[in-house]
Amino acid sequence: MFSKRVDCMRKIMEEENLDGAVITSRDNTLYLSSFSGSSSILIFTRDKAYFATDFRYIEAAELISAYGYEVVLIQEGMKSVLSLLSKLFTKSELRIGFEKTVSYGYFEALKKGLKDCEYIDVSDRLLAVRSVKDQKELSLMAKAASIADIAFTHILNTVKAGMTEIEVAAELEYVMKKNGASFPAFETIAISGKKTSMPHGVPDHKKLMNHDPVTLDFGANYKGYCSDMTRTFFLGSPSPKMKKIYNIVYDAQKSAQDYVREGVTGADVDKIARDIIGNEGYGKYFGHSTGHGVGLLVHEEPRLSTQSTTVLKSNMTVTVEPGIYIPDAGGVRIENTVVVQEDGCYTLNHSNKELIII
Ligand SMILES: [Mn+2]
């Protein structure tokens, strides 16, 4: 699988007519080499691939050589990296692929090491390749989603008024780890009451109260892959207004999810959800996009937004997560992560999305 990914990097290099490429972001190095440590640099020349890392990871890196990388020990940080680069690239005026997400300091150092080269961003190309998942990735993502489902069921069975938001977040994370997650895919959102009007509210020591809406937005990282789901439920019967909002968000989420298929654009899907919410008069309370790609990063390509011209392809994984947020009252969001197929999509997480009253 990973040697195939080296080939995919080679294809990008050919298409961009690159003499070399230097890849350092953790998500791309993981994708291209299977290495998940915090320090590694992949260097591609026209005919070879190098995996450079420091002493802490050299033993773990041995595996990487099986994928066609020559492993190189870096002993003096950036100084060693630059001397390696100047050994590998002896000519000047080369076309070198890099990632536009690197730090300014790193980029300046790179330019000093490889003088007079032209730098071409390949991160967008890699994100485009990564947006379509293979079967192995899909099975890891299904597992990550099922871990989150287990944690959600646990919360529904144990949550009660008097628990704090932080406690609920900690329970979710504990149960996810007990069930195989390495860590949460992102900072868990567990918010209650009026705070649910903040799409990315931060849990604190506020206690849950009867009749509160509770919004949980969380996911597991399983072997590098993320899951992402959101549910809003109620601790006792909701106010008529919150119930109405729930049903509109439910309709918007269901209709948009039903619309996802190969060949439609991100904007097409966004419009389905946005029109339903807008037609009910709540348009101004839905200020974020309808969804995003998920994979090694929790937010990646493609986007399901008003601006997204990306055409969806089979085996892309995207969230569908409309919401309505009314300041000083409360909010509702429902989010599934789905896999795009030729004639529709299937969802990776299976928790009930209908109105839940505990
Ligand atoms: Mn999301």
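In this predicted model, the centres of domain 1 and domain 2, taken over C-alpha atoms, are separated by 35 Å. The domain assignment places domain 1 at residues 2–130 and domain 2 at residues 135–347. Seven residues from domain 1 and six residues from domain 2 make up the contact between them. On the side of domain 1 that touches domain 2, helix H2 (26–33) and helix H6 (123–131) each contribute at least two residues. That side of domain 1 consists, by class, of four nonpolar, one polar and two charged residues.

**Nonpolar cores**

The largest nonpolar core has 63 residues, of which Ala144, Ala148, Leu172 and Ile324 touch the most other members. Helix H7 (residues 135–158) provides the largest share of this core, 10 residues. For Ala148, the residues touched, not counting those up to four places away in sequence, are Met176, Phe218, Gly219, Ala220, Ser227, Met229 and Asn349. Another core, of 30 residues, lies apart from the largest one and includes Met9, Ile23, Tyr31 and Ile64.

| Core | Residues in the core | Some members |
|---|---|---|
| Largest nonpolar core | 63 residues | Ala144, Ala148, Leu172 and Ile324 among them |
| Another core | 30 residues | Met9, Ile23, Tyr31 and Ile64 among them |

**Helix H9**

Helix H9 covers residues 240–259, and its 20 residues should span 28 Å at 1.5 Å a residue; the end C-alpha atoms lie 29 Å apart, in agreement with that expectation. Buried positions in H9 are Met242, Ile245, Tyr246, Ile248, Val249, Ala252, Gln253, Ala256 and Gln257. Viewed down the axis of H9, these buried residues fall within an arc of 170° and therefore line one face of the helix. In an α-helix there are 3.6 residues a turn, so residues three or four places apart point the same way.

Leu18 is located in the loop between helix H1 (2–15) and strand E1 (20–23). Leaving aside neighbours within four places in sequence, the contacts of Leu18 are Met13, Arg95, Ile96, Gly97 and Ile120. Between the C-alpha atoms of Leu18 and Glu354, which are 336 residues apart along the chain, the separation is 51 Å.

Terms used:
Residues are numbered from 1 along each chain as its sequence is written. This is a predicted model: local features need pLDDT of at least 70, side-chain atom pairs count only at pLDDT 80 or more; totals for chains, interfaces and linings use all residues. Domain bounds come from an automatic or database domain assignment. Two residues are in contact if their C-beta atoms, placed from the backbone, lie within 7 Å. Helices (H or I, at least four residues) and strands (E, at least two) are DSSP runs, numbered from the N terminus. Ala, Val, Leu, Ile, Met, Phe, Trp, Tyr, Cys and Pro count as nonpolar, Asp, Glu, Lys and Arg as charged, and the others, Gly among them, as polar. The expected span of a helix is 1.5 Å times one less than its number of residues. A residue is buried if 20 or more other C-beta atoms lie within 10 Å of its own, exposed if 12 or fewer, and partly exposed in between; C-beta atoms are placed from the backbone. The arc is that of the directions from the helix axis to the C-beta atoms. A nonpolar core is a set of buried Ala, Val, Leu, Ile, Met, Phe, Trp, Tyr and Cys residues joined through C-beta atoms within 7 Å.
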